[in-house]
Protein chains: 4
Amino acid sequence: MPGYSDTKDDVQKRLRRIEGQVRGLQRMVEEDVYCIDVLTQVSATTRALQSMAVELLDAHLRHCVADATRSDDAAEAERLVTEASRAIERLVRS
Amino acid sequence: MPGYSDTKDDVQKRLRRIEGQVRGLQRMVEEDVYCIDVLTQVSATTRALQSMAVELLDAHLRHCVADATRSDDAAEAERLVTEASRAIERLVRS
Amino acid sequence: MPGYSDTKDDVQKRLRRIEGQVRGLQRMVEEDVYCIDVLTQVSATTRALQSMAVELLDAHLRHCVADATRSDDAAEAERLVTEASRAIERLVRS
Amino acid sequence: MPGYSDTKDDVQKRLRRIEGQVRGLQRMVEEDVYCIDVLTQVSATTRALQSMAVELLDAHLRHCVADATRSDDAAEAERLVTEASRAIERLVRS
């Protein structure tokens with residue numbers, strides 16, 4: 001099971017809301033809404049995506065740390081941290 | 001007409017692709033895909049949104065500068081720049 | 001003269017404050033301050049830099065639009081917008 | 001000892017380089033360098049700060065996971081993840 005298995009419903013609810021925001025953007029562009037107002041909505045959608053990413057990452061780290069507490073596999077723990085750091089780097093850069 | 005009126009088709013195509021990416025995220029979560037792979041796709045979606053925002057802003061600035069070249073309304077030009085700078089700030093922060 | 005010539009003193013004051021924040025970070029690391037507290041200060045420094053960048057960009061756009069209002073050089077105005085959009089893209093990505 | 005104790009020299013070297021970049025920005029502004037060129041250097045400095053933040057976070061997570069592997073303190077591990085997630089959120093937002 002992935003780290004987000006306990007919060008899967010919440011993640012899906014957030015994703016459906018984000019899908020709604022993207023469809024809202026399509027309607028705005030269709031109706032020739034003023035650029036700056038479209039951009040405000042784009043920023044809100046980006047923030048919603050980033051906030052969901054932080055929630056997913058939190059669930060993942062919690063899972064990794066719980067696994068590390070149970071097992072004694074230090075090498076596997078190292079591998080997981082390296083992988084998580086790369087994901088954080090991609091998020092910070094995007 | 002908004003600044004993006006000439007590139008409206010391209011903007012809509014990008015938004016439909018972003019909607020597809022968000023639906024793809026829902027499928028990934030539904031199928032319990034590994035957290036880190038979901039996060040990679042979230043970063044790609046955020047980048048697509050930010051890149052579309054820069055395109056919209058470019059079209060908007062082009063429009064404002066063309067208007068400023070035609071008219072002599074310095075006060076209106078000032079107002080437009082202040083408005084654009086606030087939109088840029090929201091993008092940089094999101 | 002660059003676009004920021006009117007606000008040069010303010011820009012320099014901000015840069016000296018940012019230099020102070022970076023030296024503060026060096027002291028924190030020297031004194032083995034807890035990671036999370038160092039990271040909070042890194043985030044504050046990044047925000048100060050981004051905020052100064054938005055101020056510089058605002059001054060630059062104001063300058064470009066004022067020039068466009070005075071002259072009738074549409075081709076030069078186009079070139080300046082393209083250049084500004086690329087700078088905005090770099091800021092949004094960083 | 002903080003999580004970065006093993007890489008303290010590298011962190012300090014990065015911070016001195018970032019301080020040099022901020023002083024370079026002051027010189028550029030002093031010499032009235034073109035806005036867009038100043039902004040390119042601001043973006044490079046921001047990226048250097050963000051990259052150092054990811055390195056610090058990586059060291060911190062490695063430390064936390066190693067501690068969790070050694071001890072059996074699940075409550076403390078939970079607290080550390082919550083704290084790290086908030087730091088990640090601040091970085092992503094800045």
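Reader: How many residues does the contact take from chain D and how many from chain A?
Author: The model is a predicted one. In it, both chains contribute to the contact between chain D and chain A. Chain D gives 23 residues, and chain A gives 23 residues.

Reader: What area do chain D and chain A bury between them?
Author: The size of an interface is often expressed as the accessible area lost when the parts come together. For chain D and chain A, 67% of that buried area lies on carbon and sulfur atoms. The area itself is about 2,300 Å².

Reader: Which residue of chain D forms a salt bridge with Glu78(A)?
Author: Between chain D and chain A the count is 2 salt bridges. In the one that involves Glu78(A), the closest N and O atoms are 2.8 Å apart, which lies within the 4 Å cut-off. The partner of Glu78(A) is Arg62(D).

Reader: Which helix gives the most to the side of chain D that touches chain A?
Author: There are 6 residue pairs in polar contact between chain D and chain A, with both residues at pLDDT 80 or more. On the chain D side, helix H2 (35-70) and helix H3 (74-93) each supply at least two residues. The residues of this side divide into 10 nonpolar, 6 polar and 7 charged. The helix that gives the most, with 11 residues, is H2(D).

Reader: What percentage of the contact residues of chain A recur in chain B?
Author: Chain A can be laid on chain B by a turn of 180° and a shift of 0.0 Å along the axis, with an RMSD of 0.0 Å. The same surface serves both copies. The share of contact residues of chain A that recur in chain B is 100%.

Reader: What area is buried between chain A and chain B?
Author: In this pair, 45 residues of chain A are in contact with 45 residues of chain B. Carbon and sulfur atoms give 67% of the buried area. The area is about 4,100 Å².

Reader: Which residue of chain B meets Glu19(A) in a salt bridge?
Author: Across the interface of chain A and chain B there are 4 salt bridges. One of them joins the side chain of Glu19(A) to its partner, with an N to O distance of 3.2 Å. That partner is Arg23(B).

Reader: From which helix does the largest share of the side of chain A that touches chain B come?
Author: The interface of chain A and chain B has 22 residue pairs in polar contact, with both residues at pLDDT 80 or more. Helix H1 (8-30), helix H2 (35-70) and helix H3 (74-93) of chain A each give two or more residues to this side. Its residues divide into 26 nonpolar, 10 polar and 9 charged. The largest share, 17 residues, comes from H2(A).

Conventions
Residues numbered from 1 in each chain as written. Chains lettered and ligands numbered in written order. Predicted model: local features only at pLDDT ≥ 70, side-chain atom pairs only at ≥ 80, totals over all residues. Heavy atoms only, no water. Contact = heavy atoms within 4.5 Å. Buried area = accessible area lost by both parts, 1.4 Å probe. Polar contact = N/O pair within 3.5 Å; in protein donor to acceptor, adjacent residues only side chain to side chain. Helix = DSSP H or I, 4+ residues; strand = E, 2+ residues; numbered from the N terminus. Nonpolar A, V, L, I, M, F, W, Y, C, P; charged D, E, K, R; others polar. Least-squares fit on C-alpha atoms with pLDDT ≥ 70 in both.
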